[in-house]
Amino acid sequence: MGYYDIDDMLTEGSEIPCKFLHDIPGLGYLENNPGKPIKANAKLMLPYWLAHILAVVDSGSIDDNSENRMDDERSVPFIEMSTPESFSQKVTNAIKTDPVSLDLHSINPHFYELALKWCGLYSDKNLSEIVSHLLIQRAQEINNFAFSTAIQNKNINSIGSITSSNNINDNKNSNDNSNSNNNNNTHLLASSSFLMTLDELEKQVYKKSHESYKDSKRWMYQNK
Amino acid sequence: MYGDLANKLVIEAKRTAQLNNRGNKTTLPVHNDELVRDIIKEVTQLKRNIEFFKEQEETMNENGEYANSRIMKCQHFVNALCLERNKRCLLGYQKLRSDMLDSLAWENNGMDMLGTVSSEENSNLTHHEQEYLKKYSELLTDMKSGELTDIDLSGSLTPPREIFIDVRVLKDAGEIQTEYGVFNLIKDSQFFVRQSDVERLIQQGFLQKI
Amino acid sequence: MDVDIEDILAELNTDSTAVDQSGNPFSDINNNNNASTLYNESSSYPETNLKTNATSTSIPSPQQDYNNLIILWRNERCAPELLPYPHNLMTRMLSRIQEQMERLEIISMDFLGQQHSTTTTDTTGNNPVNNNNMLPLLCMEAELERIKFVIRSFIRCRLSKIDKFSLYLRQINEENESISPLQDFLSKDEMIYYESHSEILLKLFNDTILKHLPPNMQAINDNTGTVPMIDEPDWNKFVFIKVIGPQNKIFNTDPILIKGDNGKWYYEVIIPELQERVELIIDSIYVMRYKVIKDLLMEGKVTLI
């Protein structure tokens with residue numbers, strides 16, 4: 001993913017519900033109780049970058065004498081991560097019913113990236129199948145939007161302005177633009193609302209496909 | 001909670017990247033000195049914590065108390081992880097900005113870098129960043145004047161279409177010397193010139209291609 | 001002084017790298033240079049070295065160099081990693097460009113001279129005969145601009161990869177000191193750029209961030225933490241490839257080229273994740289992960305598109 005990748009850092013900031021498996025002194029500040037130890041079975045939300053290490057690293061607690069630790073079955077990590085809300089049953093059901101109209105952004109703006117990490121960690125085949133199915137369905141929709149916005153307008157300049165107004169990074173009231181075509185506006189409304197539901201990965205896919213359609217169109221129509 | 005400030009910094013980095021993707025010209029927002037300083041303070045705190053834990057473990061070992069259990073070391077471990085996270089976020093933010101500085105240098109090279117940038121965007125770059133920009137621009141100038149002079153490394157990255165183009169002057173800019181003679185750049189006048197000569201001027205916004 | 005259009009056209013034919021009308025430059029089997037692959041020029045990969053024919057003394061023609069340059073340019077732009085620098089080819093191209101520029105300047109000065117002498121007697125604006133004479137000059141200039149553009153794009157692409165993978169380059173340089181030194185991968189200028197840029201960037205990071213960290217965390221290339229700090233190229237990136245086959249077009253001499261039952265020649269690769277054998281037939285186009293075809297690419301048997 002890249003050490004310096006901003007999106008990766010944001011993904012790792014996602015919070016995961018965790019349960020501590022031991023009493024651990026000094027970590028009270030994690031649950032806003034500074035100075036006190038954390039009791040076993042305490043449940044709290046921890047950021048992924050912290051949680052995924054603590055959930056994997058062996059705490060060597062079966063025997064306090066760490067030299068006696070022999071087989072992996074007896075290794076007990078510090079915490080136990082439970083499925084984050086983004087991958088809960090509720091969400092997976094929603095994905096199965098209607099992948100395209102799902103508001104992925106509000107579930108988790110870094111849904112796919114977190115799913116990748118999670119599946120990598122727990123080899124969760126079920127989740128990975130669901131997520132890849134989700135991506136394929138939504139990718140077709142993204143492609144439709146990317147393509148149709150590009151051909152709506154033969155005027156290359158307005159494509160630029162539509163792009164900038166449809167730019168996901170903009171606020172919600174950017175639908176009125178220089179083009180007075182009614183058809184365009186309704187379509188733009190529909191596409192803007194869909195675009196708002198995309199997560200970060202999908203946004204990149206949309207951006208690249210839109211720009212490539214735009215470029216091909218421009219190249220086809222330049223008649224010099 | 002340790003790492004929260006770092007999260008804020010990363011979100012700001014993301015916003016900077018998004019803002020930058022919109023425009024054509026690289027614009028670097030103000031460096032968030034305050035946030036970075038706060039994170040550094042947190043880092044120093046974490047450093048002190050870790051040193052404290054180390055000493056604690058050493059004394060426990062000396063006293064024969066068994067301090068090797070990982071449970072005891074967990075807080076030390078968590079502190080180290082927080083440090084790593086802070087390091088990564090700080091570096092990510094700085095790297096993003098330095099990448100933008102690099103683009104600035106490539107876009108503006110040929111123009112008086114320091115003059116314009118340091119006066120307009122003086123407040124946006126830290127002292128170290130300004131120094132970096134200066135050194136990088138010098139590096140670029142050296143690169144371009146080596147054996148690759150002919151090909152003008154910072155020239156246009158779109159394929160050339162016509163050799164000669166019509167351009168309109170956008171701002172008054174005095175006299176420009178080309179091999180075909182001297183052109184007097186007065187606002188709204190038009191010229192038919194060789195593209196490679198005026199490319200730099202178009203980049204800088206003095207001319208507009210028609 | 002009258003500049004004869006015939007002279008200009010003659011010049012155009014001899015030293016330009018204009019598109020060769022005679023067809024595929026690779027078809028010249030007798031050319032000794034077919035022994036040298038695109039990347040072998042710099043002989044930086046002993047593993048994939050098709051030994052340059054020691055007796056080959058002929059230099060590739062401008063036409064061949066140009067074609068190779070375009071292929072190298074495309075490869076560099078599509079590949080996720082930094083490819084070796086074609087030292088000899090670039091030296092030749094750059095010197096040709098310089099010669100051409102000088103030549104064009106002489107010709108255009110002749111024109112300007114001619115123009116001045118005609119405008120004193122001819123008050124009409126554009127002398128049509130004059131413009132027709134200019135046409136070959138314009139063509140040559142256009143072509144020169146195109147070549148300059150290709151080289152510029154090529155070098156810029158490499159510089160951006162050098163920036164992106166500077167830590168990785170340093171790592172492989174340290175590991176493989178004796179095998180393939182970095183000097184072969186990069187041109188002289190690129191080496192200078194790489195070293196200076198790493199230095200000033202490291203200084204920036206040190207001064208702003210790293211010096212505040214505890215001593216054991218101050219490294220910029222520390223791979224032992226939770227996230228490795230050295231970014232490697234994405235070997236799994238999907239690329240489109242076209243299968244060219246051996247440079248010399250003599251299929252029998254290529255040890256890894258296999259003749260299929262239907263008479264078609266192909267290379268065989270295995271896709272590790274699927275444990276699937278794929279036949280890469282000559283002149284076909286495929287899309288697959290970069291690491292599967294990396295070796296073939298280095299030998300010039302496939303190109304990226």
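Axes are lines fitted to C-alpha atoms, for helices over the stretch in contact, and angles run from 0 to 180 degrees between N-to-C directions. Helices (H or I, at least four residues) and strands (E, at least two) are DSSP runs, numbered from the N terminus. The model is a predicted one, in which local features need pLDDT of at least 70, side-chain atom pairs count only at pLDDT 80 or more, and totals for chains, interfaces and linings use all residues. Residues are numbered from 1 along each chain as its sequence is written, and chains are lettered from A and ligands numbered from 1 in the order in which they are written.

Helix 5 (residues 127-144) of chain B packs against helix 7 (residues 188-208) of chain C at an angle of about 175°, the axes being 10 Å apart. The two helices are therefore roughly antiparallel, a term for angles over 145 degrees. On the side of chain B, the residues that meet helix 7 of chain C include B:His128, B:Tyr132, B:Tyr136 and B:Leu139; among their counterparts in chain C are C:Tyr193, C:His197, C:Ile200 and C:Leu204. Two residues are in contact if their C-beta atoms, placed from the backbone, lie within 7 Å. The residues of this helix contact comprise seven nonpolar, four polar and four charged, where Ala, Val, Leu, Ile, Met, Phe, Trp, Tyr, Cys and Pro count as nonpolar, Asp, Glu, Lys and Arg as charged, and the others, Gly among them, as polar.

Between the chains as a whole, 34 residues of chain C are in contact with 34 residues of chain B. Helix 3 (87-119), helix 4 (128-164) and helix 7 of chain C each give two or more residues to the side of chain C that touches chain B. The largest share, twelve residues, comes from helix 4 of chain C. By class, this side of chain C holds 18 nonpolar, eight polar and eight charged residues.

Chain B contains six helices and five strands, in the sequence pattern α-α-α-α-α-β-β-β-β-α-β. Three strands form an open sheet with the order 4-1-5 and antiparallel pairing; two strands pair if DSSP finds at least two bridges between them. Strand 4 (190-194) and strand 5 (207-209) of chain B stand at the edges with a single partner strand each, so one side of each lacks a neighbour in the sheet. Strand 1 (residues 164-169) and strand 5 of chain B pair over three bridges, and B:Arg168 stands opposite B:Gln208. Helix 6 (residues 195-204) of chain B lies across strand 1, strand 4 and strand 5, at about 120° to strand 4.

Methods: Parallel < 35°, antiparallel > 145°, perpendicular 65-115°, else oblique.
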